[in-house]
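Student: Hi! I have a new model open on my screen and would like to walk through it with you.
Tutor: Happy to, just ask away.

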Amino acid sequence: MEENGSGLWIDQNLTVISNSVYANKVGEQQALVGRDVEITMPEVRNRTVEATAMGTLTVPVISQFENMSATIHHIGADYGLATMLAQETLEIEVRWVEQAMKRDGTQKQVGCKAFLTGFPQVAAPSFSLKPGEAVDVEVPYTITGYKMIRDGEVLWDINRLSQKCIVGGVDYFAEMSSML
């Protein structure tokens, strides 16, 4: 954030211009599996406990998460879709470019990346065939790792199997790990 005289300013994120999706089995070479596709990124939701404080208070449990899932829409049944359906752990890299506006009104392009580790929830998805329309295939994933980078800066890096939870540069598992 920059000081602009009347308070703090953040760049205004306007739109996603384009994206690409790469996938591979762990240890294998990346393959481009989609371009300009719809993707629903995982929500990382803490498990909660209820405490009593002038009634009920729902408190997040740091280090415990609900299931994380992501969905990728793929256009057509092809080799890219087959790669996305491998019945083992996959590394998925999503790259996209956003258009943003700076405080002086100039616009810039911002590169973003998300690295997902997980496995497909289906072996073969259902899809509809309708003459004159593209085949839209939805592939849901269970996600075990999720790292988000924007403009070269790591925003979060969460990995359930490695017990890693870094958000905004703060390692929330460090203290707990030192006690185990």
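Student: Which residue does E88 form a salt bridge with?
Tutor: The partner of E88 is K25, and the closest N and O atoms are 3.9 Å apart. Keep in mind that this is a predicted model.

Student: Where do E88 and K25 lie?
Tutor: E88 is in the loop between helix 1 (79-84) and strand 9 (90-101), while K25 belongs to strand 3 (residues 12-25). The pair therefore ties together parts that are 63 residues apart in sequence.

Student: And how exposed are they?
Tutor: E88 is partly exposed, with a relative accessible area of 40%. K25 is partly exposed too, at 29%.

Student: How many salt bridges does the count come to?
Tutor: Eight. One of them joins the side chains of K113 and E93, at 3.8 Å from N to O. K113 lies in strand 10 (residues 107-120) and E93 in strand 9, so this pair ties together parts that are 20 residues apart in sequence.

Student: Is E93 buried or exposed?
Tutor: E93 is buried, with a relative accessible area of 7%.

Student: Which residues are linked with E93 in a network of salt bridges?
Tutor: R95 and K113 are linked with E93 in that network. Elsewhere, R45 and E43 meet through their side chains in a salt bridge of 3.2 Å, N to O. R45 counts as partly exposed, with 46% relative accessibility.

Student: Let's zoom out. What does the secondary structure come to?
Tutor: Two helices and 14 strands. The C-alpha atoms fill a box of roughly 55 × 50 × 35 Å along the principal axes.

Student: What share of the residues counts as buried?
Tutor: The figure is 32% of the 180 residues. The accessible surface of the protein is about 11300 Å², and carbon and sulfur atoms account for 50% of it.

Student: Switching to rings. How many aromatic pairs does a search of the whole structure find?
Tutor: One. Y146 and W156 form this pair, with an edge-to-face arrangement, 5.6 Å centre to centre and 75° between the planes.

Student: Which strands do Y146 and W156 lie in?
Tutor: Y146 is in strand 11 and W156 in strand 12 (residues 153-159), so the pair ties together parts that are ten residues apart in sequence. Y146 counts as buried, at 5% relative accessibility, whereas W156 is partly exposed, at 27%.

Student: I also spotted R150. Where is R150 found?
Tutor: R150 is found in strand 11, which covers residues 136-150. R150 counts as buried because its relative accessibility is 19%, and the cut-off for buried is under 20%.

Student: What does the R150 side chain make a polar contact with?
Tutor: With the side chain of N13, at 2.4 Å. Leaving out residues up to four places away in sequence, R150 touches N13, E98, V110, G111, C112 and L155.

Student: Last topic, the backbone. What is phi of M54?
Tutor: Phi of M54 is near 55°, a positive value in a residue other than glycine. Most residues other than glycine have a negative phi. M54 is in the loop between strand 6 (46-52) and strand 7 (56-65), and counts as exposed, at 92% relative accessibility.

Student: And what about Q163?
Tutor: Q163 has a positive phi of about 50°, and is not a glycine either. Q163 is placed in the loop between strand 12 and strand 13 (164-167). With 45% relative accessibility, Q163 counts as partly exposed.

Key: Residues numbered from 1 in each chain as written. Predicted model: local features only at pLDDT ≥ 70, side-chain atom pairs only at ≥ 80, totals over all residues. Heavy atoms only, no water. Helix = DSSP H or I, 4+ residues; strand = E, 2+ residues; numbered from the N terminus. Buried < 20%, exposed > 50% of the residue type's maximum accessible area, 1.4 Å probe, protein only. Polar contact = N/O pair within 3.5 Å; in protein donor to acceptor, adjacent residues only side chain to side chain. Contact = heavy atoms within 4.5 Å. Areas by Shrake-Rupley, 256 points an atom, 1.4 Å probe, with all protein chains shown as cover. Phe/Tyr/Trp six-rings, centres within 6.5 Å; stacked < 30°, edge-to-face > 60°. Salt bridge = Lys/Arg side-chain N within 4 Å of Asp/Glu carboxyl O.
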